[in-house]
Structure formats: structure tokens, C-alpha cells
Amino acid sequence: MALLELEEVRAGYGPTSVLHGIALEVPEGGVVSLLGANGAGKTTTLRAITGGVRWTGDIRFRGHSLRRMATEEIVRRGIAHVPEGRGICTELTVDENLRLGSHLRRDGPEVKKDYDRVFEYFPVLKQRRRLSASTLSGGEQQMLALARAFLMRPKLMLLDEPSLGLAPIIVRSIFEIIRSINETSQVAVLLVEQNARIALDLSMTAYVLEVGRVAVHGAAAELRGDDSVRRSYLGY
Amino acid sequence: MNLQRIRMAPPRYWLVGVVVLFLIGFPTVISSFLASEWAQALILAIAIMGLNILVGYSGQLSLGHGAFMALGAYISAILAHHYKVDYLLTIPIAGLATGLVGFLFGIPALRLSPLYLALATFALAVVTPSLIKRPAGLTGGVQGIGVVQPDPPGAVSNIFSTITGTAMTSDQWIYYVSLFCALVLFWVAWNIVRHRPGRAMRAIRDGEVAAAASGVNVRGFKTLAFGLSAFYGGVAGSLYGLSTGFVSPDTFPVSLSIQLLVGAVVGGLASIPGPLAGAIFAYFLPIESSQWVPNQSWIPAQIAATVKNAGPAVSYGVILIVIMIFAPNGLVGLARSGYSLLNRRLRGATDRETGQMPPDPQTV
Amino acid sequence: MQEFLQQLVGGLAIGGIFASLALALVLIYNAMGLVNFAQGEMAMLATFVAYALVSQGMSYWIAFPVTLVLAFAGGIGVQRLVIKPVERAPILTLVIITLGLATLVNGLAGFIWGYVPRSFPSPFSSESVDLVGVFVSYRDLGVIAVSGIVLLAVYLLLQRTTVGLTLRAAAHHPEASRLLGVHVSWMLALGWGLASAVGAVSGIMVAPILLLEPNMMQSIIIYAFAAAVLGGIESPPGAVVGGLIVGVTINLAGAYLPFVGGDLQLAVGLAIIIGVLILKPNGLFGRAAVRRV
């Protein structure tokens, strides 16, 4: 049984439907990327998983259906969703943002260890702990969002375009950290990316969406090797 | 399109005609006292019409329209009392002067968000009674100013007494003066709303930025709406003083502004016939309920007395909440959507273009 | 000079009362961008509850916290019953609803307790104490102390506890908070409860001064509006500073400006509201609002 399973998921906003029956799986501890052009439905897929849009079909997490569950409940079951635009609380300080990540946890000593790891990954967050999150740069905000998601100790992280708007060198270090989080903490990752090359490097399997349907899926290495897939869907 | 308009138009015009005839004939069959109550309802309708222009058509909420009424009433009373101007002549003067004040008030109001405007006008409504008390020489302080109610002119009185067989009282005459003003102002509002200014104001209400982008002079129309709305308030206030026979600080408490709001909300914001329905409702609800309760012998006298005092506030509060939650377009909106639902049912499920504007989903 | 200082202390005391009510307004404004026109009336109702408890023989210092708890529960109830169904409605719809609520609560209190003003007990004696040459009444000092404690408690709750953190997060960033597992809707209810309790303090503090009757808060809410607007309607510390400034201003204006006197103090409150809204709409501590298109 996979950690996350989507079956025939259809979703949309009001009368406009965006997803026309998506099926995908994220295995325990795996990294899966969701690729495709703008408007293909990648973000909507993530939003469906955490209950941000109405959907039909079935979405199961650890074997339990997420149907009719409120976002808060889904998240509490172990899914951390870093949304489009990162969802940083700019009215709060960096430290308060991090505390929001860990506020549901009751395992004090472990939380402390996780904070240490976060500051190891992102020393800049430690320096800016007391500052308002609104003062952070785009890259730093992405780090904060990732750190906050990590502090939730999720089973699965949904990352929506972590590379968006960031300098290539920062993108590389962020992806290194995602890899490290995945490997050392056994957190599965479902990654939405426009930047197919870097996403495929990180993931084991990949799904390519085209106007609300899965056009191609398979092992990341295969997709990378397949010239026609690369040219027609991934654009590099 | 044209055919459809003709087909759709008659019921509306018929309705207006029937209502007008009813309102003209009504006082010939009711007592003079009842006529004066209905005059007050009509006066409220005028003020509510003004409030509607502001809220329903330009999206600015005023919770202090009682203050404009107070201004109009005091202008008339002071002119009539201190300067011996004929009271009927003071009505347009009070309207225009209040309108000017409203227009000037509208300029700083442009800078306020709808929420802040509501807050500032509410504060104005609360403070109005204590502001009135101050220039005591002019306003009569706490005592207020008495207003002499005019006798009906001979010609009108004669017609009236031939029909009813009794002499016309000044209350009945005031009723007709109020009705005349209400009809004229109704006609003015109707025309404004159905033509360019109305469209411009609706566009502003539905989205200022978009309206400005399509070339609507947002600032101009918003201040205009304020001025117009205050004009209506001023006329209503002036008539109000006339019908109550005096003006004093306590004539214009916050609850008057609330009453106007109830009337506007019940009738439906952004509707022209709504104010009449709303005013009748808002005016007679407390009167009827306070008369009904003490007459019920099974209700202990002490409770009845309290209900008489507290009843209007409770029912106004419940009405405001319930209507805003369940029928934000008010009675007229409810009737309209009921009518179109009925139409659709009658014509079968295949919904055709009805030629009518769809009811506004949310008018505030 | 001495009289001036006495007026100043009196102003701070009444300002503390305004500050509590203004803080309640700010809490709700932060939670949902709404000015709660019923805040004053809710406080009045809570004060009547305290009055009922005390006249049942309960000691003042037990009735006080019990009332706050009841006010808290009442605030939550109001949010669940009246506000939640229209959470997404346009702001003016919400404003009209809170106004309806104000009217309703006012009428209810009149219905239950009538309109005859009642004297409300004060736990502080009205005698004065000589503080380095200034005579200050124990009552003023007590009011300042109670207001100060309440404001401090709210500050600590919001800034130092996890509940406070999630409350603030839910208010400012509902979408992001939901993704962090915060029950946003309940946080809004909690905000209403908290505001209701804080507002109740102002009612209980002002009742011994004004006499308790259903319209008691009608003027106080205007001063609280003035305080909240002056401080910047989204700033809790601003509400406190604003409250103190408004309290001192109206006290001094009433004492030293002959044309203001007692009966135009309310007009001073109105002048502050309109002046601030026109000249400095973000108040002293507010941030410039971003205009959303």
C-alpha cells in the first residue's frame, strides 16, 4: 500500500473543472514529482489533497480516505503542504512561524532536536529568529517554509514550486536539503515543479500532467532518458 | 427585446399606479390621527430612499442619516420660527442646504473605507443630540422649537370636504404635502437610477477600480450620491418636524438612524420601491407591537410595559440580523426572486431570457 | 497644577476603561476585518450579569471573574450563531449584522432589567489618597490597576502562549494557518470570546461611575471607537495608548475648555474619530493599508 493514493480525482473551481481524473501514488519515503505546463493542474492536485478544493474520486492517505475532511484534520494526520507563494505568515516573526510548524507536537525533546537540525540546514534562520518574516528575501522565505514544514514532522511533504523565483545557486542548495530531509527522516515528498530537470534528478518517479490528465508517468530515470517525452512535455 | 420590455413593463407600472391612487385616496377613509401616522411613514420613506441611493447605489454605508434629518428639520424650524418664513417654503431650502452639507461631507468621506465611513457616521448619529443642544439661542436647547402646523389651503380643503363630508385637518394636509414630496422625489430617484448616474453609481458599488478604469468619475459620483442622499434626508427631516409639531434633540436619537437602516434593509438596498415598503414596516412595527401587547389581558401589566419599551429594539435587532443572513436583498429582492422563480416554474424548466436584470446577488 | 494632575489621573482611569473596550474592538478587527458595533452592548449585558450575580449575594471578586467567563462563552456563542453563517459576506453586511446585534442586546437588557438606572457596586472606596501632593481617589487607582492587569494578561496571552500565536496566525493568515493544522474557525470564535471578556471589564469598571442601564455604553463605545482609530485599528498596543489619550483629552477638555464642558465631551470623541480618519487613517501605530484590487 502506497502512502498516498489518488484515484480518478476530478476537481475544479466553481463551474470550471481543472482535473479530469488523476491517478497517482506516492510510496512511503519516496520522492515523486509532478510536472507539466502552467495550468496543467499541478497546484490543484496538491490543493485537492489537503482539502483546498472540492473533488470527487478518492484520495487515500495511509489507507484512510480523505474525503470530506477539513484541511486542518488532513494536515494533522501528517501531511505538510508548502503552498504556492510559500504561505509565510509575514505578520509574525521567523521564530513564531517555526513555532507554528511544531505547535501540535507533544514530543518536546524531539522537537528540540528538530530545531537544531533546522538551524543546521538553514543557519540564516537562526540569525533572523527575532525578525519579522516579512523582512526575509524570497530564498530565505522558501527556507523558512521548508523548515516549518519539516518541524511538523510529517509523513509526507507537498512542495509547490520550491524553485520559483529563486537564483539557481539557492535552488540547488534547497533541493539538496530536500533530499537530505527525505533521506534522513524518511519523509515522502510530492514535488510540483516547472523546472523538470532538477526535479527529475531528485525524484524516483514522476508524473507529467497535461490539461488535467496524467499524460505520462514512470521512473524518473526513464523519463529523463526518453527524448520524445523530454521534448514534448518537459521542454528541455 | 423591445417586445419583451413591453410585456414585462405593465405589471410594474400598474403597480405604481395602484399604489399612488391608494395613497391619494387613503386619508379620505381613515382618521386624521392615522393619516398623521401614515404621513410619518411616508417621510421615513423619503429618508430611506436617500439612504438607498447612498448605500445601494454607491456602496457607501451611512449609519447616521438621522443626523441629516435633524439638520433639515432644524433649518426649517429655525427659518420658520426665527425668520417667519412660510414653513412649506422652507422645505426645499432645508433640502438644498442639507444636500450641500452632505455634498461637502462626501468629500472627506471619499478618503474613508466603507467600514470607517460606517463608523464615523454612526458616531455622528450618537453625538447629534448633544450637538443640537449647544447653540441654545438658535436651537432652543433641550426644549427644542415648536413648529406651527399650517391649515390646509381653502381649495384643497373644499375638495376634501366634498368627498368626505368633513373638514380637512392640518394632519391630513401634512399627509398630502408629504405624499407630494415623496412622489416627486420617488420620480427623481427613479430617473436618476435608471439613467447614466445610476449606472455609474452601481458600477462604483460593484468595484471602484473597474469603474474608474472604464471612465466613470468615481469621486464625482460618490460625492454626488452623498449630496443627493443628504438632500432627501433634509427634505424628510423638514417634513418630520412639520408632522411632529416640534423639533428637539430627542426627536433625533440614534434609534432614528437605526430605524432608517431597518427600513432600507427590509425594503431592500438598491431598490426604488423598497423604501416605501421598508418605511411602512419600520414605522408601524413598533407602534403595532406596542399597541398589541398591552391589549393582551393574559400578559401581566409589568411585562407588557417593558415590552412596550424594549420591544422595538429587540424586533429591529432580530430583523436586521435575520434579513442580512437570509435575505440580503430585502423584501423587494425576495419578491423579485420569488416572482422570477414563479415565472420559470410557469414557463417550464427550459429557462428563457426573461429580459429582466438578474437580481443583484448581494447588494451591499 | 495640582488640579491639572488630578484631572490627568482621572483621565487615565477613564482612559483605561476606553482602552479595554478599544482592545476588544481591535481583537475582532484583527480576526476578521470588522468593527463590532455590538461590542459596547455586549459589555453592557455582561455588566448586568455581574450585577445580577452580586445582588444574589455573590462577593464582588468572585462575580467579576465568573462574569468574564460567562462573557467569554457568550462571545463564542455569538460568533457561532450569528457571525459564522455570514463569515464570507461583504463587510457592510457584517456591519449591519453587528448593528442589529447591538440593537437586539440593548432591547433584551431593557426587557429583562428595565431602563431605570441602578447603582453598581465598586470594590474601591471613593476616598482619596495623597500621592506626593496630588489627591487621587482609590477608585481611579483601582480602575487603572484592573485595566492594567487585564491589558497585560491579554498581551501575555497573545504574545507568549501557543494559543495566542495560533490566534494571531489565524487572524492574519487564515489559509496558511489551516495548512499548519490551526482550526481557524474556532480561533475566530475564541477571538470573539476574548474580545467579549475584555469588553466586559470596561462595562464593569464604568458602571459604578455612570450608573447601570441599557444605554450606558452608548457614549463609551464612541470613545472606544476614537481610541481604536487613534491607535490604529489593528494595533493592540495602539488601542491602549489611544484609550489613555482619549481619556485624558476628554477629561482635560471638559475641565478647561469652557465651551466643551460636560455635555460636549462626546463631540470631542467624534472630532477625534473624524480628524484621525481624515488626517491619519492608519492611526498612531497602524501600518499603511494595502489597497486590494
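1. Two residues are in contact here if their C-beta atoms, placed from the backbone, lie within 7 Å. Keep that in mind for the chain pairs. Bear in mind, too, that this is a predicted model.

2. Chain A and chain B don't touch, and their nearest C-alpha atoms sit 16 Å apart. Two pairs of chains do touch, and the pair with the most contacts is chains B and C.

3. Chain A has ten helices and ten strands. Its radius of gyration is 17 Å, while the globule rule gives 18 Å for 236 residues, so chain A is as compact as a globular protein of that length. Its C-alpha trace spans about 45 × 40 × 35 Å along the principal axes.

4. How much of chain A is buried? Of its 236 residues, 47% count as buried. As for the contacts in chain A between residues at least 6 apart in sequence, 67% of them join residues at least 24 apart.

5. Now for chains B and C. Helix H5 of chain B covers residues 114–133, and B:Ser130 is part of it.

6. What does B:Ser130 touch, leaving aside residues up to four places away in sequence? The answer lies across in chain C: C:Asp263, C:Leu264, C:Leu266 and C:Ala267. Within its own chain, B:Ser130 is 7.1 Å from B:Pro249, C-alpha to C-alpha, although 119 residues separate the two in sequence.

7. The partner of H5(B) to look at is helix H11 of chain C, residues 265–279; the two axes come within 9 Å and cross at roughly 155 degrees. Angles over 145 degrees count as roughly antiparallel, and H5(B) and H11(C) are therefore roughly antiparallel to each other. The crossing of H5(B) past H11(C) is left-handed.

8. Which residues make this contact? From H5(B) come B:Tyr116, B:Leu119, B:Ala120, B:Ala123, B:Leu124, B:Val127, B:Ser130 and B:Leu131. H11(C) brings C:Leu266, C:Ala267, C:Leu270, C:Ile273, C:Ile274 and C:Leu277. So B:Ser130 turns up again, because Ser falls in the polar class, as the one polar residue of the H5(B)–H11(C) contact, next to 13 nonpolar and no charged ones.

Note on methods:
Residues numbered from 1 in each chain as written. Chains lettered and ligands numbered in written order. Predicted model: local features only at pLDDT ≥ 70, side-chain atom pairs only at ≥ 80, totals over all residues. Helix = DSSP H or I, 4+ residues; strand = E, 2+ residues; numbered from the N terminus. Rg over C-alpha atoms; globule rule 2.2 N^0.38 Å. Buried ≥ 20, exposed ≤ 12 C-beta atoms within 10 Å, placed from the backbone. Axes fitted to C-alpha atoms, helices over the stretch in contact; angles between N-to-C directions. Parallel < 35°, antiparallel > 145°, perpendicular 65-115°, else oblique. Left-handed = near helix turned anticlockwise from the far one by under 90°.
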